Every structure is written in structure tokens, then in C-alpha cells.
Amino acid sequence: MLSVLNDFASHQSPKQSGNYHWYSFDHHSAGQWLPFWTAHDIQRISKNLVDKGILLLQSAPFQQSGQLHFAFNETQQDTPATAITPSAHNTPVHGKHRIPPNWQPSDDVLAQIAQRNIPRTFAMEQLPEFITYWRERDEPAHSWGAKFQKQVIHAWRNNQTMQHRRETSDAMSSNWRPSEDAIEVLTVHAGINPQFVEDAIPEFVLYWQERGESSRTWNSKFIQHVRRQWNRYTATVENETVPKPLPDNWRPGDDVYDVLRLANIDLQFAKQLLPEFILYWQETKQVNTSWNTKFLQHVKYHWAKSHNQSTQMSNQHGEATHNTRGRSLSDDLSDRSWAY
């Protein structure tokens with residue numbers, strides 16, 4: 001309320017009486033300046049400010065009179081003739097004064113801040129910035145204590161919000177998996193093939209691990225990631241229903257590389273796999289309804305393997321290995337029947 005009355009007074013012409021500047025605040029003003037407070041609230045809080053010696057009142061209780069005839073408890077005495085005229089920077093304006101460079105909050109202000117469970121050390125850390133800001137603005141105010149309290153509370157809330165975000169954010173781990181709810185959204189509600197969703201997990205994990213960011217919304221990010229890929233992927237599936245062998249001059253369509261970009265897969269990596277892919281399928285003379293789809297599966301699998309995101313495979317001696325060729329090309333390229 002003190003802050004609001006201060007702003008209200010800055011828009012009024014006061015009446016001077018007894019070395020104080022007096023202002024009138026009525027029901028109409030309350031509706032404009034304090035729309036969320038009842039007359040009872042205004043009466044109670046204004047009395048509290050009077051009891052603290054911050055405010056002076058010359059009106060009956062607000063609930064009865066609908067008036068606050070108030071003054072800030074700062075006298076407006078004339079400067080003695082023998083005194084040195086103060087500089088313009090320190091001259092009071094309508095009961096206001098500019099903040100001095102050595103200003104300190106009163107014990108009462110600090111006590112009110114402490115009532116909000118804000119550490120005193122935190123409040124005092126805000127003081128240098130507070131003084132610098134208001135001295136640079138060169139604006140007068142009725143109560144610097146009220147302004148300081150408001151700034152500390154605002155800074156504390158921001159601090160708590162940021163701390164909460166840090167505490168609730170998780171870094172991407174190598175064993176991360178989307179929640180069951182996220183998978184249901186993709187497979188049931190969006191109609192995306194479950195195997196396509198599984199294939200997207202390793203590349204998603206790799207990308208965010210390399211970025212080193214933390215988030216509270218990994219599932220949401222994953223849903224967006226898969227949906228973008230699926231929309232582009234479905235555009236690459238050829239409309240033909242008759243399987244055909246791989247042509248001699250076959251090359252992936254542009255949409256294939258668009259999907260790989262969405263998956264954050266290096267295009268040069270994909271192009272290096274192309275000769276082997278073509279050679280294998282021409283030698284096997286097998287037929288397929290969509291070679292673009294087959295090539296996408298091939299690249300995605302080997303991208304995950306090359307970054308150690310797939311399950312470790314065992315070599316013929318039973319020793320664990322991270323070989324990017326952990327299984328045969330034939331196994332890799334022939335077990336994706338879901339695409340048909």
C-alpha cells in the first residue's frame with residue numbers, strides 16, 4: 001500500500017498543513033489504484049502504517065468515511081536562511097527525497113523482510129545495486145525502505161524460481177528412455193509405428209548429451225522430435241505397392257536427407273554408408289517397396305552404433321566390444337519387417 005500511495009501522490013497536488021503534504025484518497029481512487037483490496041483491507045493496512053510511524057491520517061476509518069486523508073511522516077520545513085542551500089539532487093520534492101549514497105534500510109524494514117523468510121544476507125546483497133539504480137535515475141521517493149523491500153522480495157522470488165528449475169531439471173543420461181505416457185502419445189494417439197519410435201531414442205539421447213543441457217521436459221522434447229521426423233518420413237514412402245529390386249543408379253531422395261537432418265544425423269556419415277548399402281542389396285537381388293525407407297533404417301542404426309548408444313555386442317571370444325559393425329550387414333538390413 002505504501003508503494004501505491006507513493007505513486008498516487010506523485011500524480012496529485014498536495015495541500016500543505018503543519019509542515020506536511022496532505023493527500024486525499026477516496027473510494028474512486030481505491031477502485032483505480034487498489035482494485036483487489038476491500039475497504040476493510042485498506043483500513044487495516046493504513047492503520048498498520050500509522051502504527052509504524054510511516055503514515056499520518058486525518059480522516060475517519062476508511063470503511064466509514066470512504067476517505068484516506070493522509071501524509072507521509074516527513075516534515076517539509078523551510079531551509080534556514082543561514083544554512084547552505086542544498087544541491088538540486090538532494091532537494092525534497094513534495095515530501096519526497098532522493099536516495100543518498102550511504103542509504104541503509106532500517107531495522108524495521110529488515111525485520112519485515114525477515115518475516116518472509118528471506119535471509120538478511122540476501123537482502124543486503126541487493127543494496128549496492130538498489131542504490132546505484134535509483135541514484136542513476138535521480139528520482140525522489142517518499143519511502144526508500146518500502147521500495148527496497150519490494151525489490152528484495154522480487155529478487156528473492158526470482159532466485160527461488162531459478163533454484164527450483166535447477167533442482168528439478170535433469171541432464172540427459174545414456175540410459176534415458178521416454179515415459180510410457182510419451183510412447184502412448186506417439187504410438188496410440190499419433191499412430192506412429194512403435195519401431196520407428198524406438199529407432200529415434202538413440203539419436204535423441206546422443207544429440208542432447210553432446211549439448212550438455214538439462215531439462216524438465218525431455219518427454220515433450222522427444223514427442224516433438226519424433227513427430228517432426230515421422231511427418232517427413234511418411235512423405236518419403238513411395239506410393240508403389242509392388243516390391244522392386246534396387247536400381248543400378250539408385251540414390252536416396254531429398255526427403256531422406258531432410259529426415260536425417262531432423263534426426264541430427266551427419267549427412268556425410270550417411271553418404272559414406274551408401275556404396276555398401278547399394279552393393280549389398282544389388283548382390284542379394286531382393287525386392288523392396290521403399291528403398292528410401294530401407295536406407296533410413298540403415299543409417300539410423302549405424303549412427304547409434306558409431307556413438308556407443310546401442311547395447312554392447314559380444315565377439316566370438318565372448319568379450320564385450322563396441323565395434324560399430326557389432327552384427328552382420330545382413331542382420332542389420334533384413335530385420336526391419338515393420339516398414340512393409
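Helix H13 (residues 267-284) and helix H14 pack at an angle of about 125°, so the two are oblique to each other. The model is a predicted one.

**H13 against H14**

- The axes of H13 and H14 lie 10 Å apart, and the crossing of the two helices is right-handed.
- From H13, the contact is made by Phe269, Ala270, Leu273, Leu274, Glu276, Phe277 and Trp281.
- From H14, the residues in this contact are Trp291, Lys294, Phe295, His298, Val299, His302, Trp303 and Ser306.
- Sorted by class, the contact of H13 with H14 holds 10 nonpolar, three polar and two charged residues.

**H10 against H14**

- Helix H10 (residues 194-211) packs on helix H14 (residues 291-306) at an angle of about 40°, and their axes are 9 Å apart.
- That angle makes H10 oblique to H14.
- The crossing in which H10 passes H14 is left-handed.
- H10 brings Phe196, Asp199, Pro202, Glu203 and Leu206 to the contact, while H14 brings Lys300, Trp303 and Ala304.
- Five nonpolar and three charged residues make up the contact of H10 with H14, and no polar ones take part.

**H12 against H14**

- Helix H12 (residues 254-262) and H14 have axes that come within 10 Å and cross at roughly 30°.
- H12 is therefore roughly parallel to H14.
- The crossing of H12 and H14 is right-handed.
- On the H12 side, Val256, Val259 and Leu260 meet Asn292, Phe295, Leu296 and Val299 of H14.
- The contact of H12 with H14 contains six nonpolar residues, one polar residue and no charged residues.

**H14 residues named in two contacts**

- Trp303 of H14 takes part in the contact with H10 and in the contact with H13.
- Phe295 and Val299 of H14 take part in the contact with H13 and also meet H12.

**The largest pocket**

- The volume of the largest pocket is about 1200 Å³.
- Its lining is made up of 36 residues, and those nearest the centre of the pocket are Leu2, Gln112, Gly145, Ala146 and Gln149.
- Helix H1 (2-9), helix H3 (39-51), helix H5 (107-114) and helix H8 (144-168) are the elements that give two or more residues to this lining.
- H8 supplies the largest share of the lining, with nine residues.
- By class, the lining of the largest pocket has 14 nonpolar, 15 polar and seven charged residues.

Note on methods
Residues are numbered from 1 along each chain as its sequence is written. This is a predicted model: local features need pLDDT of at least 70, side-chain atom pairs count only at pLDDT 80 or more; totals for chains, interfaces and linings use all residues. Side-chain values use heavy atoms; hydrogens and water are left out. Axes are lines fitted to C-alpha atoms, for helices over the stretch in contact, and angles run from 0 to 180 degrees between N-to-C directions. Helices (H or I, at least four residues) and strands (E, at least two) are DSSP runs, numbered from the N terminus. Angles under 35 degrees count as roughly parallel, over 145 as roughly antiparallel, 65 to 115 as roughly perpendicular and the rest as oblique. A crossing is left-handed if the near helix is turned anticlockwise from the far one by less than a right angle, and right-handed if clockwise. Contact means heavy atoms within 4.5 Å. Ala, Val, Leu, Ile, Met, Phe, Trp, Tyr, Cys and Pro count as nonpolar, Asp, Glu, Lys and Arg as charged, and the others, Gly among them, as polar. On a 1 Å grid over the protein atoms alone, a cavity is a set of points where a 1.4 Å probe fits but cannot get out, and a pocket is an open set with protein on both sides within 12 Å along at least five of seven lines; lining residues have an atom within 4 Å of a point. Grid points are joined across faces, edges and corners, and a volume is the space filled by probe spheres set on the points.
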